Amino acid sequence: MQTLKKITDRFWYQTPVSETDRPILGAVIGDKMTLMIDAGNSEAHASYFLSELEKHHIPAPSMAVLTHWHWDHIFGLPALDMLSIASSLTKTEMERLKPFQWTDEALDERVRSGVEIEFCASAIKKEFGSDRDIKIKLPDITFEKRLEIDLGGVTCQLQHVGGDHSADSVVVYIKEEKILFLGDAIYANLYSSKWNFTSGRMLKLLDSIEKFDADTYILSHWKALSRAEYMQEAELLRKAAQLTMQLNGEKAEIKKAYRAYKNRELNENELEVIEYFVNGYDLEQKKEL
Ligand SMILES: [Zn+2]
């Protein structure tokens, strides 16, 4: 069940749905205007969010920012009668989607040829059922590295950070509220033969994120994390990235070193992160990344 949650008077978000891969949608409420963060995975998703905002008497958004080009963050855009903003890289990737058909056959064919991945194809089928009128609407405003928006009493800094998940990833820093909307930026690269992280890109990304002074971090397919929770995730990612480099992607060695570092057995999340870094190391050696 999706619910609308309030973090501060100026920031609300709608919880994600894992079954159909609906990400979190955010609303930053200024004195002059409201900014929506991400457009959702369908027009139904976007419209539902707007209706929830209305129910809570939140002024309707007049602008939407996209965190990256993945379908679940952009397919809702045609339902939004407002200005849209994205990085120029995101727009370029969205232009690439324009000629695609979205029937089962077309999706399955793209999965076979490696353009699409099974994970997304199956979530698209679930979200849209058989009535699949998918349109790609391109963003109106683009920026390269950084864009600041004054919503009145609250400022949003849009910053391109890239990373393994998607090279076009943008984060939104809601300055006065100390909230950092990370989107999918710290997730793995799913568009590959094996889900992966690469050490170089991850360390660069973590450094970029660290520059923001935040108390709350929003991860699009999870929840709002406290600073302590985010720091724990970041520590794992940083350490695993460093060990992967130092130990040349030797999985058993990396696990042993991480166990020694923590002085305990590894949990599932840690094992998965290490696995993704080893995948990334292997793919880079084979020059597949
Ligand atoms: Zn994504």
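Trainee: What volume does the largest cavity have?

Mentor: This is a predicted model, and in it the largest cavity has a volume of about 80 Å³. The count comes to two cavities of 30 Å³ or more.

Trainee: Which residues line the largest cavity?

Mentor: The lining is made up of W69, W71, R96, L97, F100, W102, R110, V115, E116 and Y191. Sorted by class, that lining has seven nonpolar and three charged residues, with no polar ones.

Trainee: And what lines the second largest cavity?

Mentor: That cavity, with a volume of about 30 Å³, is lined by I209, E210, F212, Y217, R227, Y230 and M231. Both α6 (199-210) and α7 (227-246) supply at least two residues of this lining, and α7 gives the most, with three residues.

Trainee: Switching to the metal: which protein donors does the zinc ion have?

Mentor: The donors are H68 through NE2, H70 through ND1, H165 through NE2 and D184 through OD, and they lie 2.1 to 2.3 Å from the zinc ion. H68, in the loop between β5 (61-65) and α2 (71-74), and H165, in the loop between β9 (155-160) and β10 (170-174), are 97 residues apart, and this pair links distant parts of the chain.

Trainee: Are H68 and H165 buried or exposed?

Mentor: H68 is buried, with a relative accessible area of 0%, and H165 also counts as buried, at 6% relative accessibility.

Trainee: What angles do the four donor atoms make?

Mentor: The angles among them run from 88 to 177 degrees, and the site of the zinc ion is irregular.

Definitions and conventions:
Residues numbered from 1 in each chain as written. Predicted model: local features only at pLDDT ≥ 70, side-chain atom pairs only at ≥ 80, totals over all residues. Heavy atoms only, no water. 1 Å grid on protein atoms, 1.4 Å probe; cavity = no way out; pocket = protein on both sides within 12 Å on 5 of 7 lines; lining within 4 Å. Points joined across faces, edges and corners; volume = space filled by probe spheres on them. Nonpolar A, V, L, I, M, F, W, Y, C, P; charged D, E, K, R; others polar. Helix = DSSP H or I, 4+ residues; strand = E, 2+ residues; numbered from the N terminus. Donors = N, O, S within 2.8 Å, 3.2 Å for Na, K, Ca; no water. Tetrahedral: all angles 85-135°; square planar, octahedral: opposite > 155°, others 65-115°. Buried < 20%, exposed > 50% of the residue type's maximum accessible area, 1.4 Å probe, protein only.
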